[in-house]
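This report describes a structure with the sequence and coordinates at hand. Please keep both in view while reading.

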Amino acid sequence: MSDQTSRAGFFRQSWLVLLLALSFGAALAAVEISFAPRIRENKRNATVSQIPELVPGAVKEASKEQSVGGALVYGAYDAEGRQVGWVVPAAGQGFADRIELLIGLDPTASTITGIYVLDQKETPGLGDYITSKERFRRYFEGQPAAAPLKVVKREVAPRSGEIRALTGATISSDAVTAIVNQRVRELGAALAQARQGSES
Amino acid sequence: MTETGPSAYERFINGIIPENPTLRQLLGMCPTLAVTNGVKPALTMAGATAFVLICANVITSLMRKLIKPHLRILVFTLTIATFVTIADRFLQAFMPEMSKVLGPYVPLIIVNCIIISRCEICGSKQGVKVALADAVGMSLGFLVALLSISIPRELLGSGTLLGLRVLPEAWPNWGVQVLPPGAFLTLGLILAFVNWYSARRAAKV
């Protein structure tokens with residue numbers, strides 16, 4: 001028993017575990033260093049490839065990463081180099097886990113042109129319909145950004161400021177709408193501030 | 001240390017059918033149920049699990065004489081977790097779509113009982129050759145099991161195989177097969193069939 005409690009005994013017992021932890025840790029660091037740029041690139045590609053979907057007329061190659069209000073946003077430009085809108089990453093708590101979204105907006109951030117779900121772990125078969133354009137995402141298209149969108153449980157008219165909740169997934173619907181509302185408000189404020197700054 | 005136990009060939013064959021990890025030992029139920037709504041995610045999961053199982057079993061076998069018995073689970077888990085992390089990062093880097101579909105089930109390979117049970121039963125007791133054969137056999141067994149569940153599920157649930165249209169457009173997709181209940185139904189029926197078949201064979205002998 002003294003062997004197990006003394007310091008020498010501790011290392012005699014655990015040297016293999018310590019050695020493995022160090023060498024596996026080093027191996028993982030090497031893997032991380034070699035794969036991380038590719039993983040970041042994949043995430044960026046997933047975002048950029050959605051830009052033409054989210055902002056009508058935008059060209060993927062012409063998009064620019066910009067900083068508005070201290071946060072990363074993508075400026076969407078058409079083939080002639082005119083700005084046709086914004087694509088804004090946003091995230092927040094969903095029903096199961098964090099939901100990561102992209103929000104498409106027109107150049108003045110007054111109209112939402114579309115949303116896309118980058119990452120979500122909502123309930124399969126109910127909450128994960130937030131990723132479906134037919135069932136859910138289309139309600140965001142063309143909505144005015146001036147006032148917060150409201151979630152309702154009935155059929156809605158286009159551009160009415162109302163989002164129809166998914167059956168069996170009210171919390172997921174609420175979560176997406178809340179994330180959109182908050183991020184759109186933040187961006188609107190940041191853009192207004194930038195405009196004021198450039199005018200004065 | 002004496003090294004007794006089944007030979008490499010016996011270990012290999014046992015893994016595929018007689019001791020199939022999923023259909024016979026009923027291990028690894030979580031990935032079996034979760035990723036079998038399509039053949040592609042099932043193949044990816046089988047591949048990732050095979051990589052982890054083979055690496056972990058061989059490394060465990062190489063260090064079997066150094067492992068202190070009361071610290072063995074710690075060593076197994078450390079080894080498994082390392083290879084699972086490598087597999088997860090690899091999928092994120094080179095197969096981002098699949099990584100998104102499999103989601104948390106790749107990191108969850110760490111707690112897949114198939115792997116830790118092989119380290120305990122074979123890797124920590126027998127030589128590298130036997131451990132390798134054992135891991136490959138079990139991996140194939142897991143692949144067979146995942147395919148046997150995912151093929152009917154994708155076919156009936158989406159009318160496709162590997163994402164390619166197989167059944168005519170008129171086929172009304174049997175939605176429940178894509179959802180978790182479909183996994184339980186299919187697994188139950190396949191287990192029933194395997195038990196019925198082996199009972200019949202036992203009765204004949």
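## A residue in helix α8 of chain B

In this predicted model, Leu191(B) has 15 C-beta neighbours inside 10 Å and therefore counts as partly exposed. A residue would need 20 or more such neighbours to be called buried, and 12 or fewer to be called exposed. Leu191(B) belongs to helix α8 of chain B, which covers residues 180–204.

Leu191(B) can also be placed relative to Cys119(B). The two are 72 residues apart in sequence, and their C-alpha atoms are 25 Å apart in space.

## Chain B as a whole

Chain B contains eight helices and two strands. Read from the N terminus, the order of its elements is α-α-α-α-α-α-α-β-β-α.

The C-alpha trace of chain B spans about 65 × 50 × 25 Å along its principal axes. The radius of gyration of chain B is 18 Å, which agrees with the value near 17 Å for a compact globule, because that is what 205 residues would give. Of the 205 residues in chain B, 41% count as buried.

## Packing of α3 and α7 in chain B

Two packed helices are described by the angle between their axes and the distance between the axes. For helix α3 (residues 39–62) and helix α7 (residues 128–158) of chain B, the axes come within 9 Å and cross at roughly 165°. An angle over 145 degrees counts as roughly antiparallel, so α3(B) and α7(B) are placed in that class.

The crossing of α3(B) and α7(B) is right-handed. Sorted by class, the residues in the contact between α3(B) and α7(B) are 20 nonpolar, five polar and two charged.

## The sheet of chain A

Chain A has an open sheet of six strands in the order β1-β2-β3-β4-β5-β6, and the pairing is antiparallel. The edges are taken by β1 (64–68) and β6 (143–144) of chain A; each has a single partner strand, so one side of each lacks a neighbour in the sheet.

Strand β4 of chain A is largely enclosed by the rest of the structure, because six of its eight residues are buried. On one pairing, β4(A) is joined to strand β3 (residues 83–93) of chain A by eight bridges in the antiparallel sense. Within this pairing, Gln93(A) has Arg98(A) of β4(A) as its bridge partner. β3(A) and β4(A) make a hairpin, with four residues between them.

## From β4 to β5 in chain A

Strand β4 (residues 98–105) also runs antiparallel to strand β5 (residues 111–119) of chain A, and six bridges join the two. Leu101(A) is opposite Val117(A) of β5(A), and Ile103(A) has Ile115(A) of β5(A) as its bridge partner. The hairpin of β4(A) and β5(A) has five residues between the strands, and Ala109(A) adopts a positive phi near 60° in this hairpin.

Ile115(A) and Arg138(A) are 23 residues apart along the chain, and their C-alpha atoms are separated by 8.1 Å.

Definitions and conventions. Residues numbered from 1 in each chain as written. Chains lettered and ligands numbered in written order. Predicted model: local features only at pLDDT ≥ 70, side-chain atom pairs only at ≥ 80, totals over all residues. Pairing = 2+ DSSP bridges. Axes fitted to C-alpha atoms, helices over the stretch in contact; angles between N-to-C directions. Parallel < 35°, antiparallel > 145°, perpendicular 65-115°, else oblique. Left-handed = near helix turned anticlockwise from the far one by under 90°. Nonpolar A, V, L, I, M, F, W, Y, C, P; charged D, E, K, R; others polar. Rg over C-alpha atoms; globule rule 2.2 N^0.38 Å.
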